[in-house]
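Here are my notes on the model, as numbered points. Please read them with the structure open.

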There are 4 protein chains.
Amino acid sequence: MNFELEPVSSPGLALTGLAEKHAGEFVATAQEHDRDQSFPYPHWDAMRRSGLLSASVPARLGGLGVSAVHDLVVAVSRLARGDASIAIGAAMHLTAFWFFSRLPSGPAAERDADLAAMVALLLRRCARGHVVACVAISEPGTSLGWPNTTARADGDGYRIDGRKGFCTGSPAGTLFLSTVRIVGADGSQSLGFAVVPRETAGLTVLENWDAMGMRASGSNDVVFDGCRVPRRLVMTSGPLGVVSVEMMPMTMVGTLVLVGAALGIAERAQELVAPTVAGQVDDARGRAWADRPSVQRLVAENEVDLTVARSALGRVATIVDERFSEGGVVPTRPQLHELMKEIQCVNVAVKRAAIAVVDRALTVSGGRGYLSANPLSRLYRDVRAGPFMQPLSMLDAFEYIGKIKLGIDAELDPAPSWNPRAAATTAVQQ
Amino acid sequence: MNFELEPVSSPGLALTGLAEKHAGEFVATAQEHDRDQSFPYPHWDAMRRSGLLSASVPARLGGLGVSAVHDLVVAVSRLARGDASIAIGAAMHLTAFWFFSRLPSGPAAERDADLAAMVALLLRRCARGHVVACVAISEPGTSLGWPNTTARADGDGYRIDGRKGFCTGSPAGTLFLSTVRIVGADGSQSLGFAVVPRETAGLTVLENWDAMGMRASGSNDVVFDGCRVPRRLVMTSGPLGVVSVEMMPMTMVGTLVLVGAALGIAERAQELVAPTVAGQVDDARGRAWADRPSVQRLVAENEVDLTVARSALGRVATIVDERFSEGGVVPTRPQLHELMKEIQCVNVAVKRAAIAVVDRALTVSGGRGYLSANPLSRLYRDVRAGPFMQPLSMLDAFEYIGKIKLGIDAELDPAPSWNPRAAATTAVQQ
Amino acid sequence: MNFELEPVSSPGLALTGLAEKHAGEFVATAQEHDRDQSFPYPHWDAMRRSGLLSASVPARLGGLGVSAVHDLVVAVSRLARGDASIAIGAAMHLTAFWFFSRLPSGPAAERDADLAAMVALLLRRCARGHVVACVAISEPGTSLGWPNTTARADGDGYRIDGRKGFCTGSPAGTLFLSTVRIVGADGSQSLGFAVVPRETAGLTVLENWDAMGMRASGSNDVVFDGCRVPRRLVMTSGPLGVVSVEMMPMTMVGTLVLVGAALGIAERAQELVAPTVAGQVDDARGRAWADRPSVQRLVAENEVDLTVARSALGRVATIVDERFSEGGVVPTRPQLHELMKEIQCVNVAVKRAAIAVVDRALTVSGGRGYLSANPLSRLYRDVRAGPFMQPLSMLDAFEYIGKIKLGIDAELDPAPSWNPRAAATTAVQQ
Amino acid sequence: MNFELEPVSSPGLALTGLAEKHAGEFVATAQEHDRDQSFPYPHWDAMRRSGLLSASVPARLGGLGVSAVHDLVVAVSRLARGDASIAIGAAMHLTAFWFFSRLPSGPAAERDADLAAMVALLLRRCARGHVVACVAISEPGTSLGWPNTTARADGDGYRIDGRKGFCTGSPAGTLFLSTVRIVGADGSQSLGFAVVPRETAGLTVLENWDAMGMRASGSNDVVFDGCRVPRRLVMTSGPLGVVSVEMMPMTMVGTLVLVGAALGIAERAQELVAPTVAGQVDDARGRAWADRPSVQRLVAENEVDLTVARSALGRVATIVDERFSEGGVVPTRPQLHELMKEIQCVNVAVKRAAIAVVDRALTVSGGRGYLSANPLSRLYRDVRAGPFMQPLSMLDAFEYIGKIKLGIDAELDPAPSWNPRAAATTAVQQ
């Protein structure tokens, strides 16, 4: 009897199978890529070929047709058991295409035939394994809703300038999905979203990712230096600092699949120190390590945390699927914030639990886990990335949850609450 | 948008409605019964009359027909928002009748026509509101599977002697369900289960419940002094110290409904300090209390814990319902322990979360919550009862979870692991 | 070998001896006073007679001459092992007289001969056992530095009107030390401090204390209804909302002695569940309860917390004594805030630790501790009072510590930071 | 006003000054040595030359004459602010020479003139900067008191065979202090302690240290392959599995100085995110980062933990100094265990606190701290080494503390309690 999360849809079952197969391969090279900080190109190629990366493309367009967020989460958790650095990149790509798959039936596409056509093309290309989407939203010195990267109206298109950080999966990326500050011809500013193909002149993926963990994730900086893109590749979201009702589902799903990666790391750690079959825990030393009360206690605390993490993640993903199912009533902005509050509760709870589980596994390992050769030492560093991931980092999440619960006006972007200058800022970094 | 647990079955919906109605009435008298340590007879009468106490009796016998453990849990959580002292008594009664409702279709009843007849009678009487079952299993100086209360073969029946503690709901109880040590004519001993009607000569409900919390629960001692009961009211479970495969589902459900009470207490505490509608939180002082960062932080931490608690409880209850659904494959003993391990993880997680939530609510209350007149001061004492409740207390749970996870043989009853004399004991308290 | 805090001065040693003797008597009646919510007058009389209550009066005036804050803290921790309800009252009285003892050598007394005379009289009367000081600073609906109780200039004295809450020890109190809003003849307002003798017409001690814990503390409301006091009994501190440099030492010592009470409660709880002599832990059941890994774990966690609590409290009290020793350099306002930050760190740490210790002791007790007859059930409720006590409550402390550490201007009174209207308020409650 | 630990003796003051100077140099290269996993030879040379490494040698022999354990702890904490990898090596060396410095006045030296002479020589050589002691006690597959490394009587000396791990500072080591299993000519076995000079034939320092953190510590394996040493370099301690009364002080001091390193790491982390001077916290982004409630909260929690850690460490070190001062009464074995229990409480408390502080600092850093270039990412990995360090690891400490507190017989070496075969083992690894 196993209490891990299971897919709830039949395409999800197929995707989970793929994810488990890939994870089985990733696990063999994870230590090596971690040590060398090398990007696992072959694994990304394999995910493109296997169809995993087209999982969220509708079946009629050639994808697996996974629409259940729950099942994307499950798949990402399985990938992360193999190599979390790859799982978080895949998670962002899957989120992007889950979002694109919904666009054609949404109001934006109805208004805008160009957009509809572009999205349809993207989905088909993804289904054929030709696309890897890379999310480029972080920027030093500002927050989610106040990008300094600009998209200036320029002839019949836009010119993109700026620099993004933490672009996970960028070495494999063929499309860079970037938040931008749209600057109109009249100087007006708004928040937008650009899709920049890798071959665009002026786009450079730096090879500068160097971090404590998630070392094989290729989370490099990406520089846009006068990148020209056609009008249809830039979508307007609305005022700066406000995540629009249309974009919010993407941020929600983006949060949840990354939480899935945290869960997968924790599951792997527990698997390493508490194999479930009796007797396996006797080690070469001939000791019944598992008989020690301290070991039993820590393994038990880990089980408690894993139960909690799986339950919380599974439940909120199911709720999200109910709210966003096609034909459902579109939630209002306040309802979206209520839902996002719940998602952020899960975000906080699961990442905390995952960090605690890996930490206890290290203690149980008795010193061996601290050595570089031991996978626990990688898991310990990888799992700590979770609390930084947006939206929302652990620094932002409590303020947001508390305000929403108490009926105080709050935006997903924390800036307005603590940066009095954000709203007034007009200067734009060139 | 509300993320509380909702019933999943249509009888469960009806039961939840009843529970909410009752809770609305309980809440008005909860402080008073707590202060006086008085037993709320009128509320128990109301629950008998409304049909709440026959919720787990099949519809064809006149009950509500709630078979989903999930929905019993939801109902108990709602009751606990009103008065947890009543909720835990109702929880035990509902568990007993959930168990009785399953007996007629089980192997024991097939073997034993007398048992089947007795159970059918009990169910019908319960459906008419004539029965309140009171669980009498705790005894000082021993553990769950090693009762010192004896049932000695005596003519065509048994003679019961002993003393039980923590008999929640006893003032209203009409039937006392008691674990016993069956002593055969040949001196052989086994674990058993007796149903002792209140009117049995020699049965005394002491009025000695006096505790820090759950003061209106009437958890008195019950004394059996030569109580004679017919043979069909005593069931043999098996060896001492071992909860039998037949009894284990009852212990599981018993655990979960009590966890439901803990959740309800926590939900009530958060409701008291963080009303969800904006503006309500301004107090008479004209201060925006809710604007304080400390308040927001604590309310947010509470939301995280409530999300976790609801998710964990909802998920495991759903899994239990799947495993025990009629027509399903009967789990093996190891599978039951796997499932019980998961249930105990939830037991630990939710009770910890509930205690933390009430504690933070007290802090948020700014001193007023410490006063006897404030419901938070009652919730704080009530919620602390959870970790003592069997099976399993917080002292036992980690050892059990750790051992099961590590494939080490463990019984639900912790005694064998820490009491070397338990197995050898033959002396029986008279 | 015992690691409890020990007095560092020879008068402190005498005081600690007295405190231990009293505690030995308190412990016998603590459960009874808790149950009845009755005030332990005989114990207060005994403390007056024994000289404990004149401990901080200089020896030349007839007191014990304890000037070391460290030793007051130790004594209060010992008293709290007997009955914390009495300890917190004694703590406040001892703080007041520690403060009065320092006044004659301070600048205020040099400026004001009347004040010096009054203080000298008070100290002598206290040395003879005629005084019990009761601190009256809390008021509903406002914060420490913004009292709504007024002292209006009236002839050659003041007229005091208002209502104070949480006046611990009030049934025994002969002098009520109250924060007031001084209203000058010209309507000007400032923060002040009044000493109101019990026999003053218009002063009423209500008998309305009714709380979850600290039930024998007599923390009633006190009403001042047109109480006239001579000018020398009202001291001006300075602007509203600002604890003056002169008053800050008293708030520091007041914090620390109450932390001492929390420590004493925790020490008592551990003593109850882990007697230090081997073999005592075997209970009547013939079980080696202490052999259980869960029990060992919880007892060990308690030892860790007690070690931490004692160390933190002992160290900061020693530092306070160094800073405030006679002949020392008077700290500046920023230095006082640095020191208060450190004291608040200890306040938070020890109270958290104490609450955790009692909670674990309850778990170890295996259910018996939940019963009213068991002292643990009282300790559990008493220890929870700590986080509410000012200055600073747990709600205020983190904001204050964080701000001071980050070099952000902060007052001890949290009001200015969260109550935009506090500074502007001129309306005064009559 | 600063609340860091300060030296209590005048030689300690000199040592602390040296430590601060060295730390100022270490900090400049710490990131580089961490990245390259290179051993900082120049810093070790500098510590030999400056006199830091002869700090615990008596002044009359040419050392600094620091006998206060408290001050060794302070110095190690200062070193760790610069580079913890160096600090832990220096800590072990200082412990060894603190121990050697006490030997000549102890009973062993009185019995054994050879030992006395050897120790005197060692101390003088250390004073001249010629010695770096490297502690070699860990072995895979066994515990502290059951080494598999043997010292077999061989002519007029011993032959040492075995392999040790986690030999911190080994690249600089000139003397290897190793626990051994002494095998007499008659096959009898006992626990012993060998001093093996680096130049001994058969001794190899492997260059195989590769771990998640403490990467510049050179904690390599050391192999003894038929190393012959004279009789006076092997001391007999007593039965296997029992740390002798003579050796226990060394294990205590060894524990405490390593706890000092944990404290230093935490202090450095807080320093990085909460510079104490107002205004420094404004970053280039023009944001008042420090105004964020989340930042204030985390910085405040860190202050609480630092206060606790410093207090606990300072107090227990002072107690140790009192117990072990020359002329004092030599503690009995039970008293040593009582004291060791207290030390282990501090060990647990400070390491937990230090880990929590660094973790919060990372969160406050907002993502930048996760990058390899940021010192916080090193501190996060370094601080996690603490819980593995013997005696006692976090896995052992709670069992030990609980047992000692409950009066249950326990040895410092946890083996007997969980390894039924330890006592029976006679087979010895060759």
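1. Gly162(A) stands opposite Phe224(A) in β7(A). This pair belongs to the antiparallel contact of strand β3 (residues 157–167) of chain A with strand β7 (residues 220–230) of chain A, which nine bridges join. Strands pair if DSSP finds at least two bridges between them. Helices (H or I, at least four residues) and strands (E, at least two) are DSSP runs, numbered from the N terminus.

2. On conventions: the model is predicted, so local features need pLDDT of at least 70 and side-chain atom pairs count only at pLDDT 80 or more, whereas totals for chains, interfaces and linings use all residues. Residues are numbered from 1 along each chain as its sequence is written, chains are lettered from A and ligands numbered from 1 in the order in which they are written, and side-chain values use heavy atoms, with hydrogens and water left out.

3. β7(A) also pairs with strand β6 (residues 203–205) of chain A; these run antiparallel and are joined by three bridges. Here Val205(A) has Val222(A) of β7(A) as its bridge partner.

4. In chain C, strand β2 (residues 150–154) pairs with strand β3 (residues 157–167) in the antiparallel sense, over five bridges. Ala153(C) has Tyr158(C) in β3(C) as its bridge partner. The hairpin of β2(C) and β3(C) has two residues between the strands, and Gly155(C) there takes a positive phi near 65°.

5. In which sense do β2(C) and strand β4 (residues 175–183) of chain C pair? The sense is parallel, over three bridges. Ala151(C) stands opposite Ile182(C) in β4(C).

6. Turning to helices, α7 (residues 248–273) of chain C and α9 (residues 333–365) of chain C have axes that come within 9 Å and cross at roughly 20°. α7(C) is therefore roughly parallel to α9(C). Angles under 35 degrees count as roughly parallel, over 145 as roughly antiparallel, 65 to 115 as roughly perpendicular and the rest as oblique. Axes are lines fitted to C-alpha atoms, for helices over the stretch in contact, and angles run from 0 to 180 degrees between N-to-C directions.

7. The crossing of α7(C) past α9(C) is left-handed (the near helix is turned anticlockwise from the far one by less than a right angle; clockwise would be right-handed). The residues of this contact of α7(C) with α9(C) comprise 21 nonpolar, five polar and one charged. Ala, Val, Leu, Ile, Met, Phe, Trp, Tyr, Cys and Pro count as nonpolar, Asp, Glu, Lys and Arg as charged, and the others, Gly among them, as polar.

8. For chain B, the axes of α7 (residues 248–273) and α9 (residues 333–365) come within 9 Å and cross at roughly 20°. This makes α7(B) roughly parallel to α9(B). α7(B) passes α9(B) in a left-handed crossing, and the contact residues divide into 21 nonpolar, five polar and one charged.

9. Chain D is superposed on chain A by a rotation of 180° with 0.0 Å of shift along its axis, at an RMSD of 0.0 Å. The two copies are thus related as by a two-fold rotation axis. In chain D, Arg381(D) has the C-alpha nearest the axis, 4.0 Å from it. The same surface serves both copies, as 100% of the contact residues of chain D recur in chain A. Contact means heavy atoms within 4.5 Å; copies are superposed by least squares on the C-alpha atoms of residues with pLDDT of at least 70 in both.

10. Chain C can be laid on chain B by a turn of 180° and a shift of 0.0 Å along the axis, with an RMSD of 0.0 Å. Arg381(C) comes closest to the rotation axis among the residues of chain C, at 4.0 Å (C-alpha). The copies meet through the same surface, because 100% of the interface residues of chain C are also interface residues in chain B.
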